[in-house]
Amino acid sequence: MMESIKVGLLGCGTVGGGVLKVLEKNRQSIASKVGTYLEVTKVLVKDKNKKRNGVCLHATLTTDPDDILNDHEIQIVIEVMGGIEPAKEYILKALRQGKSVVTANKDVMAAYGKELFNTAATANVDLRFEASVAGGIPIIGPLKESLAGNQINKIMGIINGTTNFILSKMSKQGSDFHEVLAEAQRLGYAEADPTADIEGLDAARKIAILASIAFNSRVTFPDVFAEGISKISASDITYAKELGYVVKLLGIAQENQGEVEARVHPVFIPSSHPLANVDDVYNAIYIEGDAVGDAMFFGRGAGELPTASAVVGDLIAVAKNINKSSFDRTYCTCFEHKRIKPIREIVSKYYLRLTVKDRPGVLAGIASVFGNQEVSLASVIQKRRQDDLAEIVMITHRVKEANLQDALSIIKGLSSVVEINNVIRVEAGAE
Ligand code: NAP
Ligand code: HSE
């Protein structure tokens, strides 16, 4: 008879329910891999009277976290409640009580990872968090283990399914942002309050976690520049296509001469780039390493079973360690302290869309401001004319963001310029 390792589950929502389902369905094969059964003995929820069905209905529910955190039989705690508090407090308490922790919580990991790692190290227990970035896609394990021999130069990821769904639909249907957002909410892809997704905050937390691992230096959520997709219009997507690009919301982290860039914003990427064909709610992470070259990880970045897949994978790793009385704590590998570049210091190509008065000398005036700020234009196309107005689309050469923004603030004040409709960074690929 195999013994069992007792597990406490904090949260029985989408992910918690998925974890119970996977553990139930694959109970025997998981036990064979671990050498012991994994038994979830208690489950914390907020409201015990909430209507539930399936696996959560049959679990031993409690609303008192201490029922789990003070239970000496429980060796592993899975945190899938979400939010910062009280999740962070419960994770810390579990670690201090000598329990290993598996979490899917990007909010906590992106802001307080270091404190949690230090606590886990002091207590000699594991802390794993694969599900916190890109749901079911294995990316934290590969970065910390299989790719650990590389110097990672760059990570670019589609790491938010909701915004990828919206941009893909806008591209396929030619629809506007708000129309597709409403459709995504009807289909249950976008939350009732979609701010964290559409403003790039969810992706910013994820890229902070990936950048910290890739560059061995702490990058936290507030370090990441985040700009969302709410300003992307159907015209921007049409022009992108005409120019050979696709618009994606990317998390980008790269290291240059010992400095780290970490940012989330819409990007024009060449339609031939592997990320350009990642559509709908799918996620993908593209990595450039000095030994591996280019590698891409693709799959489902959210959802009950895909996310549970990552949580249960971590659970199995922790349980195996317990059985071998060893710990391979996925510690913070932040042994360096690299400066994080402010967004004004990054260098990129840019797409610009402006509405201007259609009269002689207007383009020359704009070009002169750009020239004075050392912004070099790669192409200028007058796209549409309506009444006495013209729409102009420009692509710049690579330029420092500060120069571009300074030029734009002067251009905005020109009497001939009606509106700067959009400014989108262009990922140029190898140049
Ligand atoms: P969810 O469906 O809202 O479930 C949250 C669960 O936690 C519920 O069972 C809730 O109890 C419980 N809970 C919340 N606050 C609590 C509190 N203060 N005390 C006790 N119980 C509390 O959330 P989810 O979608 O499963 O997400 C969980 C975590 O996984 C989050 O960190 C999220 O970012 C991460 N994640 C989710 C996905 C995904 O696809 N959903 C993907 C990747 C990562 P009640 O049931 O009583 O309300
Ligand atoms: N809301 C996220 C997304 C999933 O749309 O990708 C959870 O991280």
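**View 1. Surroundings of Ala134.** Leaving aside neighbours within four places in sequence, Ala134 is in contact with Lys206, Asn283, Ile285, Arg300 and Gly301, where contact means heavy atoms within 4.5 Å. This is a predicted model, in which local features need pLDDT of at least 70 and side-chain atom pairs count only at pLDDT 80 or more, while totals for chains, interfaces and linings use all residues. Residues are numbered from 1 along each chain as its sequence is written, chains are lettered from A and ligands numbered from 1 in the order in which they are written, and side-chain values use heavy atoms, with hydrogens and water left out. Ala134 sits in the loop between strand 6 (127–128) and helix 7 (140–144); helices (H or I, at least four residues) and strands (E, at least two) are DSSP runs, numbered from the N terminus. Ala134 is buried, at a relative accessible area of 0% (buried is under 20%, exposed over 50%, partly exposed in between, with a 1.4 Å probe and protein chains only). Asn160 is 26 residues from Ala134 in sequence, and their C-alpha atoms are 7.5 Å apart.

**View 2. Shell of ligand 2.** Ligand 2 is surrounded by Lys106, Asn160, Gly161, Thr162, Asp197, Asp202, Lys206 and Ala302, a residue being counted if one of its heavy atoms lies within 4 Å. An oxygen atom of ligand 2 is 3.1 Å from a polar side-chain atom of Lys106. A polar backbone atom of Gly161 lies 2.7 Å from an oxygen atom of ligand 2. A nitrogen atom of ligand 2 is 3.0 Å from a polar side-chain atom of Asp197. Of the 260 Å² of accessible area that ligand 2 has on its own, the protein covers 79% (Shrake-Rupley method, 1.4 Å probe; for residues, only the protein chains shown count as cover). Helix 8 (161–173) and helix 11 (201–215) are the elements that give two or more residues to this shell.

**View 3. Helix 1 and its cover.** Helix 1 (residues 14–25) has 12 residues and reaches 17 Å from first C-alpha to last, close to the expected 16 Å; the expected span is 1.5 Å times one less than the number of residues. Its buried residues are Val15, Gly16, Gly17, Gly18, Val19, Leu20, Val22 and Leu23. Their cover includes strand 1 (4–10), helix 2 (27–34), strand 2 (37–44), helix 3 (55–58), strand 4 (74–79) and helix 13 (304–323).

View 4. Most residues other than glycine have a negative phi, and most peptide bonds are trans. The peptide bond from Glu85 to Pro86 is cis, with omega near 10 degrees, and Pro86 is in the loop between strand 4 and helix 5 (87–96). Ser325 has a positive phi, near 50 degrees; Ser325 lies in the loop between helix 13 and strand 13 (339–340) and is exposed, at 65% relative accessible area. The phi of Asp387 is also positive, about 50 degrees. Asp387 is in the loop between strand 15 (377–386) and strand 16 and is exposed, at 71% relative accessibility.

**View 5. Thr396 in strand 16.** Thr396 belongs to strand 16 (residues 389–396) and is buried, with a relative accessible area of 0%. Beyond neighbours within four places in sequence, Thr396 is in contact with Ser348, Lys349, Tyr350, Leu352, Val375, Ser376, Leu377, Ala378 and Leu404.

**View 6. Domains of the chain.** The domain assignment gives domain 1 (4–134 + 304–323), domain 2 (140–300) and domain 3 (343–426); the bounds come from an automatic or database assignment. The centres of domain 1 and domain 3, taken over C-alpha atoms, are 51 Å apart.

How values were computed:
A polar contact is a pair of N or O atoms within 3.5 Å; within protein, one must be able to donate a hydrogen and the other to accept it, and residues adjacent in sequence count only if both atoms are side-chain atoms.
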